[in-house]
Amino acid sequence: MRKTLAVLCSLTFALSISGCAGKQKKILETEESQVKLRSIQSRVFDTADRNLMLRTVIATLQDLGFVIDDADDTLGTVSATKLKRYVLRVTVSARPRGDRQMIVRCNAQYNLQTVEDPEPYQQFFTSLSKALFLEAQQLE
Amino acid sequence: MLLPKALRVSLIISFLSFSLGACQHRIPKDALGLSPESLRDRQLQSRIFETNDEKMLLTASAALLQDLGFTIDESEVALGLIHSARERDVTDKGEVVGKVILGVLLGAPPTWDTRQRVVASVVTKPIDEKRIAVRVTFQHMVWNNQNQVTKLEQINDPEIYQEFFAKLSKSVFLTAHEI
């Protein structure tokens with residue numbers, strides 16, 4: 001009887017520890033490979049005006065039904081939330097590449113999941129290109 | 001052949017939770033695409049002011065949001081943004097009485113709305129050297145007495161936007177033009 005109890009106790013302890021480790025591992029877990037995800041989420045634009053880029057990102061997100069939560073001109077980021085019976089959160093960043101180009105990256109979270117499907121990002125960049133009158137190029 | 005009742009109920013519940021869970025995981029196809037209502041919403045939410053003083057417009061907007069009981073959470077003048085929120089008790093006594101009676105009749109725990117959080121975000125964007133567009137967007141979340149979210153949406157009531165811009169015009173002594 002005592003033996004069974006000891007086995008049960010150690011089993012419970014082991015399971016609770018492994019559960020803990022599992023959740024901590026999830027903090028940095030992604031499903032797609034980093035390189036693939038970066039290419040899905042990023043585009044290059046032929047402009048050097050980051051302020052204009054960020055302002056256009058804000059206007060585009062508003063057109064898409066987002067409310068802008070936060071923006072930082074120094075860091076070059078914009079965060080926004082869309083509520084439509086679901087919660088969609090995005091962060092868009094813009095950083096210069098060379099003197100004439102800008103890399104724009106958008107990452108989205110739908111309810112409690114990272115969006116890893118290419119199509120929504122494609123739609124976002126199509127809308128952004130239209131607003132900028134510039135073509136979005138794939139990241140090489 | 002009939003399954004025990006408990007087993008049937010648990011099967012139905014697990015099937016329902018599975019199917020609902022499956023729905024939640026997929027992002028709707030148009031979530032990041034322009035909708036047919038985009039242009040209408042933009043017109044509803046924007047006004048153009050004949051000024052080149054963006055800081056003055058942002059200051060007036062911040063003051064107006066404070067007048068309306070919002071607290072400013074974030075702002076970035078370099079990008080023309082103010083983000084604010086307001087939380088209020090929305091318990092309606094009539095609704096509570098109705099829901100309690102209904103709950104007793106149906107034998108289910110009654111639920112009613114108790115709390116609302118409204119988020120307002122003001123964005124200014126220079127159009128040319130003499131004009132600046134101001135766009136405000138509101139969204140709200142409502143919770144019930146069980147702390148469950150019952151509403152999660154953008155507010156698209158034209159009156160709210162008209163009232164906001166009428167007050168903003170007054171506070172900046174400028175006429176706001178519709179786009």
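T71(B) counts as exposed, with 10 C-beta neighbours inside 10 Å. The residue sits in strand β2 (residues 71-76) of chain B. This is a predicted model.

**Around T71(B)**

- Setting aside neighbours within four places in sequence, T71(B) is in contact with S84(B), A85(B) and R86(B).
- R86(B) lies 15 residues from T71(B) along the chain, and their C-alpha atoms are 6.3 Å apart.

**Fold of chain B**

- Chain B holds five helices and seven strands.
- Their order along the sequence is α-α-β-α-β-β-α-β-β-β-α-β.
- Chain B has 179 residues, and 22% of them count as buried.
- Among contacts in chain B with a separation of 6 or more, 57% come from residues 24 or more positions apart.

**Helices α3(B) and α5(B)**

- Two packed helices are described by the angle between their axes and the distance between the axes.
- Helix α3 (residues 54-67) and helix α5 (residues 158-172) of chain B pack at about 120°, with axes 9 Å apart.
- α3(B) and α5(B) are therefore oblique to each other.
- The crossing of α3(B) and α5(B) is right-handed.
- From α3(B), the contact uses M56(B), L57(B), A60(B), S61(B), A63(B) and L64(B).
- From α5(B), the partners are K167(B), L168(B), S171(B) and V172(B).
- By class, this contact of α3(B) with α5(B) has seven nonpolar, two polar and one charged residues.

- The covered face of β5(A) carries M102(A), V104(A), C106(A), A108(A) and Y110(A).
- The uncovered face of β5(A) carries Q101(A), I103(A), R105(A), N107(A) and Q109(A).
- Strand β1 (residues 42-45) of chain A runs antiparallel to β5(A), and four bridges join them.
- In that pairing, S42(A) has R105(A) as its bridge partner in β5(A).
- β4(A) and β5(A) are also antiparallel, joined by 10 bridges.
- Opposite V92(A) stands C106(A) in β5(A).
- β4(A) and β5(A) form a hairpin with three residues between the strands. There, G98(A) takes a positive phi near 70°.
- Two bridges link β5(A) to strand β6 (residues 113-114) of chain A, again in antiparallel fashion.
- The hairpin of β5(A) and β6(A) has two residues between the strands, and N111(A) in the turn has a positive phi of about 50°.

**Contact between chains A and B**

- Chain A contributes 32 residues to the contact, and chain B contributes 28.
- On the side of chain A that touches chain B, at least two residues come from each of α3 (50-63), β2 (67-72), β4 (87-97), β5 (101-110) and α4 (118-132).
- α3(A) gives the most to that side, with seven residues.
- The residues on that side of chain A divide into 15 nonpolar, seven polar and 10 charged.

- Most residues other than glycine have a negative phi.
- R85(A) is not a glycine, yet its phi is positive, at about 65°.
- The loop between β3 (77-83) and β4 of chain A holds R85(A).
- R85(A) is exposed, with 9 other C-beta atoms within 10 Å.
- N147(B) is also a residue other than glycine with a positive phi, near 65°.
- N147(B) lies in the loop between β5 (132-144) and β6 (149-154) of chain B.
- N147(B) counts as exposed, with 8 C-beta neighbours inside 10 Å.

Key:
Residues numbered from 1 in each chain as written. Chains lettered and ligands numbered in written order. Predicted model: local features only at pLDDT ≥ 70, side-chain atom pairs only at ≥ 80, totals over all residues. Contact = placed C-beta atoms within 7 Å. Nonpolar A, V, L, I, M, F, W, Y, C, P; charged D, E, K, R; others polar. Buried ≥ 20, exposed ≤ 12 C-beta atoms within 10 Å, placed from the backbone. Axes fitted to C-alpha atoms, helices over the stretch in contact; angles between N-to-C directions. Parallel < 35°, antiparallel > 145°, perpendicular 65-115°, else oblique. Left-handed = near helix turned anticlockwise from the far one by under 90°. Pairing = 2+ DSSP bridges.
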